[in-house]
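Grab a pencil and work through these exercises with the structure open beside you. Try each task before you read its solution.

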Amino acid sequence: MIYAYGITQQGTYHIKHNIVCQDAHQIVKCGDGLVIAAVADGLGSEAHSDIASKLAVKTAAECCAQRLIQEWTDEQLLDTLRSAFAQAQSAIERTAAENGHPLDQYDTTLSLAVLKDDTLYYGHSGDSGIVALNADGTYEAVTQQQRDTEGRVFPLYFGVGMWVFEKYPKPVASVLLATDGMFETLFPFYIRSEPVSIYVALARYFMDPG
């Protein structure tokens, strides 16, 4: 049995400046041993990024839920993740066109995970992130933040050349999807070069399967 939960909360900066929350998440349970989860973070500098993030997680998660079956091979499952990303971007493009807005006002990240028993498959774009609690009790960053040398995020619309799709090589006990603020809190800059680079107590709070 896989248990899943999600939290989205408006940050203090957004509250102070009356800015809508651009984070969104979606979780779909497909039986006891298969869960789909998506997290997106609309880029705060863009006018309609909150709409984009909601569209991205809803479209991607539902695409996977409609197509996935337990007996699929690894490559078939990764192809489904690729299709989910393409459909999410297409949904954003249609919405921007229908509303008469420039597409770059709908920038968002997208991280998508499929947990099949203890096996993790994922797709990733942007500076959000996925964290695994491995079956051996160690924590590990599954994804890397996608930013240029000046710290600018590579959003979903950058397309296939920037999207990452993989099968995680280790069995997992727990998986966390987080937008950049939480991801960077879990992996503080001052311990990134240490053998244990994650804030373990905080990770355990969110990810402890017990």
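**Exercise 1.** Find which strands helix α5 lies across, and at what angle it runs to β6.

*Solution.* Start with α5, residues 200-207: the helix lies across β5, β6 and β8. Its direction is at about 95° to β6 (axes are lines fitted to C-alpha atoms, for helices over the stretch in contact, and angles run from 0 to 180 degrees between N-to-C directions; contact means heavy atoms within 4.5 Å). Helices (H or I, at least four residues) and strands (E, at least two) are DSSP runs, numbered from the N terminus. Keep in mind that this is a predicted model, where local features need pLDDT of at least 70 and side-chain atom pairs count only at pLDDT 80 or more, while totals for chains, interfaces and linings use all residues. Residues are numbered from 1 along each chain as its sequence is written, and side-chain values use heavy atoms, with hydrogens and water left out.

**Exercise 2.** In what order do the three strands of the open sheet come?

*Solution.* Reading across, you get β6-β5-β8, with antiparallel pairing (two strands pair if DSSP finds at least two bridges between them). β6 (139-141) and β8 (172-178) are the edge strands, each pairing on one side only. Now zoom in on β5 (residues 129-134): six bridges join this strand to β8, and Asn134 stands opposite Val172 in β8.
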